[in-house]
Amino acid sequence: MASNQVPPAAAVSPATVPPKSDLAVPKKKPYPFWLGGVAATIAASITHPLDLTKVRLQASGDKRMIESYRGLFDGITGTWLRQMSYSMCRFWAYDESKKILGAGKDAPAWKLAAAGSMAGGIAGFVGNPGELVMVRLQGDFAKPPEKRFNYKNCLDALYRMVREEGVSTLGRGVGPNVFRAILMNASQLASYDFFKAELLKTKYFEDNIMCHFTASFAAGTIATTVCSPADVLKSRIMNASGPGSRSTMAMIRQSMQNEGAMFMFKGWVPAWTRLQPTTILIFLTFEQLKNAVDWSRSQGYTFV
């Protein structure tokens, strides 16, 4: 007689179900390496008049107002060249340095600062020609007419510097520039990441524009103070035209004799006025560009 009992369903062994930790989690694709350079270029274009005032004050002590609206954008091509070389390199090198040092989302401040220093050293060297072109273009109209370089744009400046002064002139001021870049990235990029992580740990902030604004405001103030001495030296050395003024130590001695130790913070207020909005704009733009990349990828666009 056949049994009417229905055989129990086959039990599924827990071993046949892969645990959650073993499930493949797709790795997020890195952001384009040029994203930081684009963000910095946009920010620097907006704040260019403030940067122009700062460089002229540091290089020559010129306190006059810029004569015309057009004068507010003197040397803008040098700014673009600088941002698309130096800034692009520093953002890329910072991300790579964090990977090397294992500096994740909640990394201690010293690891972030170390990654920023590594990035600054690389970017300061790579971006020195762009920095030199920017400083010369911005400082030209603060000089007497007979001492001006009269470059047409950044490409003309590069060509004439190499032709008239030799290739070695592209490395002029590289020492203080690299030193300043190390200080800048250790204080600006690292402090932004640090403050952002700390703010997100509180109940008052989420990963949104308010958090990005607050973290970048703090980063801008710290970066201005830390970088002021190297920034002043860099501007003066790069803008000098005499061969005897190329030495960093000679410039320090001369400035100390004429102005005292506080020359290292000359132009701090215009430097802060320029760097603060630039820092805020850089990181706000950078975060929005990353959001745009995430959205475009979610829509199936794979070119970014």
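Which residues line the second largest cavity? The lining consists of Arg-180, Met-184, Ala-223, Thr-224, Cys-227, Ser-228, Asp-231, Ala-271, Arg-274 and Leu-275. The model is predicted: local features need pLDDT of at least 70, side-chain atom pairs count only at pLDDT 80 or more, and totals for chains, interfaces and linings use all residues. Residues are numbered from 1 along each chain as its sequence is written, and side-chain values use heavy atoms, with hydrogens and water left out.

Grid points are joined across faces, edges and corners, and a volume is the space filled by probe spheres set on the points. Four cavities of 30 Å³ or more were found.

The second largest cavity has a volume of about 70 Å³. Two or more of its lining residues come from each of H7, helix H9 (209–239) and H11. Helices are DSSP runs (H or I, at least four residues), numbered from the N terminus. H9 contributes the most, with five residues. By class, five lining residues are nonpolar, two polar and three charged. Here Ala, Val, Leu, Ile, Met, Phe, Trp, Tyr, Cys and Pro count as nonpolar, Asp, Glu, Lys and Arg as charged, and the others, Gly among them, as polar.

The largest cavity holds about 150 Å³ of space. Its lining numbers 17 residues, of which Arg-82, Gln-83, Arg-274, Leu-275 and Thr-278 are the closest to the centre. Helix H2 (48–60), helix H3 (76–101), helix H7 (174–187) and H11 each give two or more residues to this lining. The largest share, six residues, comes from H3. The lining of the largest cavity has five nonpolar, seven polar and five charged residues.

Rings of Phe, Tyr and Trp (its six-membered ring) pair if their centres lie within 6.5 Å; planes under 30 degrees apart count as stacked, over 60 as edge-to-face and the rest as tilted. The ring centres of Tyr-192 and Phe-283 are 3.9 Å apart and the planes are at 5°, so this pair is stacked. The pair joins distant parts of the chain, with Tyr-192 in helix H8 (residues 189–201) and Phe-283 in helix H11 (residues 268–298), 91 residues apart.

Note on methods: 1 Å grid on protein atoms, 1.4 Å probe; cavity = no way out; pocket = protein on both sides within 12 Å on 5 of 7 lines; lining within 4 Å.
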